[in-house]
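Please look over the structure shown below before reading on.

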Amino acid sequence: MEAAARTTGTVVAAFPLGFEITLMVEETGDLSVPTTYRCAPRRRRVAAGWQDALEGDGAAEAFVDHLRHHVSPPVDGFRLLRVVPPPEASGEREVFEDEDSQAVAVGERVVVRWNLRVGDRPHPAPLTLTHLAEVGFHEVPATHGMLLWTAPSGREVPCALATAYLPRARDGRQWVLDLVEEHLGLTGGSPRPDPWIKDAPARLGRLAAHMHLALARPSKVVPEPVRRAGGETVIGWHTAIMRRLETAYQNVLEGRIEWAAPNAVEILEARNETLTAAVDALLDVAADPEGVVVQRVHGDLHIGQVLRWSGGLSITDFDGVPGGGVGLPDPDDPGATALLLPAAWDVARLLRSVDRVGRTADAKAGFAVTDEVDAWVTEARKELLRSYRAELDAADRRELLDDRLLEAFEVDQACRGILDAVEGEEPLPGRTAAVLAALRNRYPAQDG
C-alpha cells in the first residue's frame, strides 16, 4: 500500500479478518459533509505494531474466506452481506491502488476492493448490486459480497467488496482508445484487425440500455424501481447546472483555465448562448404535467467503467457520481439530490467520455488528426444513441430515456471538466482541453 492517508489515529470500528489481521475504520479529521473516514486492512507486525496490510499478507484472502463461510460471528457495527458464494481462492496480487481504493486479485478468481476512503453518506452500490443479481443482470462482475460498516449517521457504508475476477479485463480508456487509433490508422496497420473496430459505440449503447432495463425491473429488494419526478425537481436541476455554467464561463473569462486550454475564451464565448439555451430547455420539461421518469442509475457511467474481457463487456463501480455522490443533498450537484435519476444522466456521461477517448487519440498523435477525430466522435455518438434507443424500443420501455434532458446533462458534465482546472491542476491531465475541443465540435460558433 502507498503511504497512508492522514488520520487522527482514532479507531472508531474494527472487523477481525484473521489472525493479527483487522480492518480498521479511523477518523481522518476531515469535518466536511459528508465526514470521511479511512477504512483499511491492517496487520500487526512484531516490531512495528499495526501497519497497512501488504500484498501477500492475506487480508483479501481472509475476506474471501469470510464470505465463503455461511455463519460468521457477529461484529458490532458491521454487516457481512453475502450475494453469490465465492470460489475457493488463495494467493494475492495487487491490481491497482489510489487514494480512494485498492483492488487485490485473490487466486485470479476473486477481486477484493478495499474502499480506503469512505464518506458518511448514502452509498447506492450495495442495494444496486443486490438488485442486479436478483433480476439476473450478468453484464457486471458477479458480486460475491460486501462488508458494510454502520457510520454515526446510521447509514451503512461499504468498506470492502468482493467480485468475480474477469480474465484479461481492460477498461474503456484503454480498449476503446486502441480501437480509435486503429480506425484512424495510427497503429501502423494490423494483420488481424479487431472485429469490434466498427461497432464498439453500438456495443456500448446496447450495454447501457441493458443495464437501465435491468435497473428498471422490479425485484424483491427494489419493488418500485421507476417513478416520476415533478417540475420542482427539474427546476432544481436547472438551477444547479446553470450555476455551474455561469461559474465556468466566469472563470474562463478571467483566464483561470488558460494554462490548461489556451483557446478556452474563444471557444466558450462563441457558444455560451447555445449552452445556456440547452440548459434553459429544462424549464420546458419542468412545465410538463407528466413530469420525468426517474430510476436507479449507475451514477458515474463513463467509458472507464466499462471493462472488456474474454467474456465480453462488463460494467463496474456503482457507488455514485463525482462531486459528492448520489443521495447527498448538495445544491451544486444535480446528481446528488436523489437516489433516483433519469437514465439520461448516465447516457450523457457515457457520450462525453466517448468523445474524451477520441481527444486522447488526437493528443497522442500531436493533434494531427483533429478532423478525423471530430468525424469519428460525431458518428460514434449517433451509433451509441441509435443502439441504445433500439434496445429500449425492443423492450417496449422507450419512456426510460427522456431525450429532452440529454443536452443539459452534457453541458453539466462539460462544466465540471472546465472547473477541474480552476485551481491550476487537473485530476486527469488534458481533460479540460478535451472538453473545449468537444464543445467546438458539437456546437457551431454563434455569429457575431
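Predicted model: local features only at pLDDT ≥ 70, side-chain atom pairs only at ≥ 80, totals over all residues.

Which residue with a positive phi follows H9? It is Asp 396, whose phi lies near 60°.

**Helix H8**

- Helix H8 covers residues 343–364, and because its 22 residues should span 32 Å at 1.5 Å a residue, the 32 Å between its end C-alpha atoms agrees with that expectation.
- Most of H8 is covered, with 18 of its 22 residues buried, and just after the helix Gly 366 takes a positive phi of about 70°.
- Arg 349 has its place in helix H8, and it counts as buried because its relative accessibility is 1%, which is under the 20% that sets the limit for buried residues.
- Once neighbours within four places in sequence are left aside, the residues in contact with Arg 349 are Gly 299, Leu 301, His 302, Phe 409, Asp 412, Gln 413 and Arg 416.

**Helices packed against H8**

- Helix H4 (residues 200–215) and H8 have axes that come within 11 Å and cross at roughly 160°, which makes H4 roughly antiparallel to H8.
- H4 passes H8 in a right-handed crossing, and the residues that meet there are Leu 204, Ala 208, Met 211 and His 212 in H4 and Ala 343, Asp 346, Val 347, Leu 350 and Val 354 in H8.
- Helix H3 (residues 172–183) packs with H8 at an angle of about 60°, their axes being 9 Å apart, and the two helices are therefore oblique to each other.
- The crossing of H3 and H8 is right-handed, and in it Gly 172, Val 176, Leu 177, Val 180 and Glu 181 of H3 meet Val 357, Gly 358, Thr 360, Ala 361 and Lys 364 of H8.

- Helix H9 has 25 residues, and the distance of 36 Å from its first C-alpha to its last is close to the 36 Å expected at 1.5 Å a residue.
- The buried residues of H9 are Val 373, Asp 374, Trp 376, Val 377, Ala 380, Arg 381, Leu 384, Leu 385, Ser 387, Tyr 388 and Leu 392.
- The cover over these buried residues of H9 includes H3, H4 and H8, together with helix H10 (406–419) and helix H11 (431–442).
- Arg 389 is found in H9, which covers residues 370–394, and it counts as partly exposed because its relative accessibility is 26%, a value to be read against limits of 20% for buried and 50% for exposed.
- Not counting residues up to four places away in sequence, Arg 389 touches Arg 398, Leu 401, Asp 403 and Leu 406; the C-alpha atoms of Arg 389 and Leu 401, which are 12 residues apart along the chain, are separated by 7.8 Å.

- Six strands form an open sheet in the order E5-E10-E11-E8-E7-E6, and their pairing is antiparallel.
- Strand E5 (78–82) and strand E6 (92–97) stand at the edges of this sheet with a single partner strand each, so one side of each is left without a neighbour in the sheet.
- On average, neighbouring strands of the sheet are turned by 20° against each other when direction is ignored.
- Strand E7 (residues 101–106) pairs with strand E8 (residues 110–115) in the antiparallel sense over six bridges, and in this pair Ser 101 stands opposite Asn 115 of E8.
- Helix H1 (residues 59–68) lies across E5, E6, E7 and E8 as well as strand E10 (143–150) and strand E11 (156–164), and it runs at about 110° to E8.
- Helix H2 (residues 125–134) lies across E5, E10 and E11, running at about 155° to E10.

**Strands E13 and E14**

- Strand E13 (residues 226–229) is joined to E14 by four bridges, and the two run antiparallel, with Val 292 in E14 as the bridge partner of Ala 229.

How values were computed. Residues numbered from 1 in each chain as written. Heavy atoms only, no water. Expected span 1.5 Å × (residues − 1). Buried < 20%, exposed > 50% of the residue type's maximum accessible area, 1.4 Å probe, protein only. Pairing = 2+ DSSP bridges. Axes fitted to C-alpha atoms, helices over the stretch in contact; angles between N-to-C directions. Contact = heavy atoms within 4.5 Å. Parallel < 35°, antiparallel > 145°, perpendicular 65-115°, else oblique. Left-handed = near helix turned anticlockwise from the far one by under 90°.
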